[in-house]
Amino acid sequence: MTWHRNDPALYEKEKAEVEAYFPDLHFVVENDIVYVRGSFPLMFEGRVLDRYSIELQLARNHPAGLPIVRETGGRIPRRLDRHILSNGTACVLIPDERWRLWPIGTSLLKYLTGPLHSFFLAQATVEEGRPWPFGQWAHGAKGTFQFYRELLNTSDLRMMTTYLDYLAAKKVKGHWPCPCRNGKKLRDCHVNQIKELREKISRKDAERSLAILKVAGESAIEMTEAYAPE
Amino acid sequence: MTADEYLKDVLASQALGDDSNEVKALQKHRADVEKLIRDSFKDTALTIRYAGSKAKGTMNKESYDLDIVSYVSSDDNTAGETLEDIYNNHKSALAKKYYVEPRGSALRLKGCDAENLGVDFHIDVVPGRFTDETQTDAYLYQSGGDKKRLKTNLDVHLDYVRDSDVIDAIRLAKLWKVRNALPIRTFVLELAVIKLLEKKKNKSLSAQMEHFWTELRDNSTNLTVEDPANPNGNDLSKCLDDNLKSQLADSAKRTLEQIDSSGWEAVYGKTEEQEKAARVEILRRAAAVATPSRPWLPEE
């Protein structure tokens with residue numbers, strides 16, 4: 001059973017909040033999936049700077065899962081350099097960063113006014129021939145490597161994958177060696193950092209990133225070194 | 001930015017190069033129209049050419065038409081015995097593919113299929129007949145008015161405007177006409193600009209425009225224009241009557257007041273460059289207070 005039937009009160013709350021703030025966005029349920037469709041305004045200082053036609057397909061396990069976002073107006077080219085897949089899906093954020101941009105427990109409205117607004121604001125800026133205003137992650141493994149390099153402040157792929165191993169594990173034991181590889185046990189070294197990261201990054205996201213980095217291996221680093229982010 | 005730099009930007013934003021989508025669409029239409037006419041008059045020696053702003057270099061993006069002349073040789077009756085026959089036969093030929101609206105000497109083409117029903121293609125076809133074998137002067141049929149025959153010379157018209165040295169001022173005056181919905185024929189406006197700026201060719205563009213409007217404001221009642229192709233034959237006074245002169249004077253007065261009180265942008269608005277810069281600036285300001293969020297992409 002999907003979330004809107006499991007929790008009708010949450011559905012009504014999300015719908016009321018979003019439709020009150022964005023009168024041109026509408027909730028529709030089709031084949032047991034909740035969609036939010038319509039014209040998405042980019043607001044600034046009470047003015048509408050621009051509008052994009054969008055469709056959000058809310059995850060069956062919303063709000064735990066991220067929505068699938070599509071730009072339906074055909075305005076943004078379906079190209080990797082615009083972060084739009086050939087099927088029209090927009091890649092708004094790296095899931096591992098969700099805790100910062102749209103923490104679990106916050107409303108769908110926060111997603112729309114937060115990362116989604118920033119995504120389309122960035123698209124409008126790029127459309128004017130300007131660089132991505134907030135930068136961009138490289139695609140695939142390169143972007144994953146970049147993200148964890150910034151988060152963990154290391155370019156050591158082995159250290160990074162150990163951290164991800166610990167984030168993906170069901171439980172973490174204090175006697176395990178610390179991922180910083182200084183020879184100490186975790187309980188005597190970075191245990192608090194690991195605890196904090198496990199609260200932020202879901203096991204599922206950590207597992208996915210770990211798999212991506214393991215498949216890419218050292219090439220993720222080499223490719224990332226060659227890649228100059230804006 | 002000086003007034004002259006601003007006016008140059010306005011003109012640049014109104015330019016229609018040969019590689020622009022608008023001109024490419026017009027050229028495609030022109031090819032279709034020419035084929036339609038030639039197929040309909042297979043035995044006729046026709047001269048089909050661009051005329052109007054496309055040929056004169058005075059086209060503005062905001063409002064443009066494509067004029068195509070289709071002239072029959074002086075001794076050729078295959079397209080019609082009389083000027084009226086030539087005009088009507090062209091109309092019938094064009095009606096195979098377009099809805100044709102007679103407009104004076106011209107035939108305005110509009111869409112007549114389901115996809116383009118009533119769409120104005122901004123194309124005027126002007127049928128006519130050369131007066132003699134030199135193929136310079138031509139007679140046009142006039143569907144309205146007392147006089148049914150009009151003598152004209154395309155090359156004289158084109159050269160008169162192209163060699164006027166005030167093309168930029170003409171384009172700005174045309175834009176002013178459009179923005180102020182002034183009911184003056186474009187060719188008459190061009191002649192007025194050339195006449196009023198005859199002794200101001202060495203002045204800056206902004207000075208030329210201010211002079212043009214000052215003359216219209218102060219001396220429009222005395223303004224007359226002559227057709228360079230037929231100075232004594234074609235009476236253009238009806239195209240510049242007292243009512244129109246009064247409208248021109250009022251608009252010119254208002255325009256000069258706008259420049260005086262609010263600057264040139266009050267007349268022609270922000271240029272595309274200025275609008276783009278303003279948009280980029282507001283997007284930058286919006287981004288400065290937005291949640292920094294970087295897009296990512298899993299490998300496809």
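1. Over residues 226-230 of chain A, pLDDT stays under 50. The model still gives that stretch 10 contacts beyond four places in sequence. Where pLDDT is low, the predicted coordinates should not be read in detail. I would treat those 10 contacts accordingly.

2. Now chain A as a whole. Its mean pLDDT is 92. Of the residues in chain A, 95% reach 70 or more.

3. Chain B averages a pLDDT of 90. At least 70 is scored by 99% of its residues. Which elements mark the two ends of the range in chain B? Helix α3 (residues 52-56) of chain B has the lowest mean pLDDT, 86. Helix α8 (residues 205-219) of chain B has the highest, 97.

4. Next, the complex. The predictor assigns an ipTM of 0.87 and a pTM of 0.61. Chain A brings 30 residues to the contact, and chain B brings 19. On the chain B side that touches chain A, 11 residues are nonpolar, six are charged and two are polar.

5. One helix pair inside chain A deserves a look. Helix α5 (residues 140-152) of chain A and helix α8 (residues 203-216) of chain A have axes that come within 9 Å. These axes cross at roughly 115°. The crossing of α5(A) past α8(A) is left-handed.

6. Which residues meet there? From α5(A) come Gly140(A), Ala141(A), Thr144(A) and Phe145(A). From α8(A) come Ser209(A), Ile212(A), Leu213(A) and Ala216(A). By class, the contact of α5(A) with α8(A) holds five nonpolar and three polar residues, with no charged ones.

Note on methods:
Residues are numbered from 1 along each chain as its sequence is written. Chains are lettered from A and ligands numbered from 1 in the order in which they are written. This is a predicted model: local features need pLDDT of at least 70, side-chain atom pairs count only at pLDDT 80 or more; totals for chains, interfaces and linings use all residues. Axes are lines fitted to C-alpha atoms, for helices over the stretch in contact, and angles run from 0 to 180 degrees between N-to-C directions. Helices (H or I, at least four residues) and strands (E, at least two) are DSSP runs, numbered from the N terminus. A crossing is left-handed if the near helix is turned anticlockwise from the far one by less than a right angle, and right-handed if clockwise. Two residues are in contact if their C-beta atoms, placed from the backbone, lie within 7 Å. Ala, Val, Leu, Ile, Met, Phe, Trp, Tyr, Cys and Pro count as nonpolar, Asp, Glu, Lys and Arg as charged, and the others, Gly among them, as polar. pLDDT is the predictor's confidence in each residue, from 0 to 100.
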